[in-house]
Amino acid sequence: MQGVLLDLDGTLLDHEGAVTAALLRWLPTIGVTPDAPVLALWRTVQERHLADWRAGRLTFQQQRRRRVRDFLVAVGRPAEDDETRLDTLFGGFLRRYEQAWAPYPDAAPVLAALRRAGLRTAVLTNGIVAQQTDKLARIGLLDRVGPVYTGEALGLFKPDPAVFAEACRRWGLPPGAVVSVGDRHDLDVLPARAAGLRAVHLDRDGAGPLDEPDRVTSLRDLPALL
Ligand SMILES: [Mg+2]
């Protein structure tokens, strides 16, 4: 192995924790009670529009507007179609989401350990260039992770195996010398293997699949596996 290709959200940065923290602070400011069904609804609406963005059917800003519009209707608020108003509403969430960005405690130590082991690191993430590099900068990891490859810049998104092949090509490493590490078995593990990489599932909450042979529950356990 020569390189470790790390996912960002859910792997280095606690994305779900930041979303929950942001919703708990933002929703009361717009008169919505942030109970569990409402939080789940946000994620359902989010995934639908992010999928449309990844497929090229919406711009990133359009998916943000539609996400907040559909979410408000779903929680019983009147339909809002004014784009400036939707941008302001989404901005209320986004500001709090950004304030809540935090690395997992095992992120910086594993980057140091991999470097000591002589391995190169890079990030491969489905997000947009500006936001994903901003995330890494704000959590203090941008100068430690190596190159950052995004779905937006590659024009390809996980779970397309081609995104892993293209990242390796740009990195200058053969897929067989690279291991993909990420929290989503369906996005970070299976398509990476299909592209000829090795892959390790970071199963932080122990949800499985438990028969996955290359599985860790903390990044601290990763170096021993490589
Ligand atoms: Mg992830």
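Okay, let's start inside the sheet: Val-181 sits opposite Val-200 in β5. Before I go on, keep in mind that this is a predicted model.

So where does that pair belong?

Now zoom out. The whole thing is an open sheet of six strands, in the order β3-β2-β1-β4-β5-β6, with parallel pairing. At the edges you have β3, 148–150, and β6, 215–216, each pairing on one side only. Helix α8, residues 161–171, packs on this sheet and touches β1, β2, β3 and β4. The direction of α8 makes about 140 degrees with that of β2.

Let's go back to β4. How many of its residues are buried? Five of five.

Val-179 is in strand β4, residues 178–182, and has a relative accessible area of 0%, so it counts as buried. What does Val-179 touch, leaving aside residues up to four places away in sequence? The list is Met-1, Gly-3, Val-4, Leu-5, Arg-198, Ala-199, Val-200 and Leu-226. There's also a C-alpha to C-alpha distance to look at: Val-179 and Arg-193 are 14 residues apart in sequence and 9.0 Å apart in space.

Last stop, a helix pair. Two packed helices are described by the angle and the distance between their axes. For α1, residues 15–26, and α2, residues 36–54, the axes come within 11 Å and cross at roughly 120 degrees. The two helices are therefore oblique to each other, and their crossing is right-handed. Who makes the contact? From α1 it's His-15, Glu-16, Val-19, Thr-20, Leu-23, Leu-24 and Trp-26, and from α2 it's Leu-39, Trp-42, Arg-43 and Gln-46. Sort those by class and you get six nonpolar, three polar and two charged residues.

That's my tour, thanks.

Note on methods:
Residues are numbered from 1 along each chain as its sequence is written. This is a predicted model: local features need pLDDT of at least 70, side-chain atom pairs count only at pLDDT 80 or more; totals for chains, interfaces and linings use all residues. Side-chain values use heavy atoms; hydrogens and water are left out. Axes are lines fitted to C-alpha atoms, for helices over the stretch in contact, and angles run from 0 to 180 degrees between N-to-C directions. Helices (H or I, at least four residues) and strands (E, at least two) are DSSP runs, numbered from the N terminus. Angles under 35 degrees count as roughly parallel, over 145 as roughly antiparallel, 65 to 115 as roughly perpendicular and the rest as oblique. A crossing is left-handed if the near helix is turned anticlockwise from the far one by less than a right angle, and right-handed if clockwise. Contact means heavy atoms within 4.5 Å. Ala, Val, Leu, Ile, Met, Phe, Trp, Tyr, Cys and Pro count as nonpolar, Asp, Glu, Lys and Arg as charged, and the others, Gly among them, as polar. Buried means under 20% relative accessible area, exposed over 50%, partly exposed in between (1.4 Å probe, protein chains only). Two strands pair if DSSP finds at least two bridges between them.
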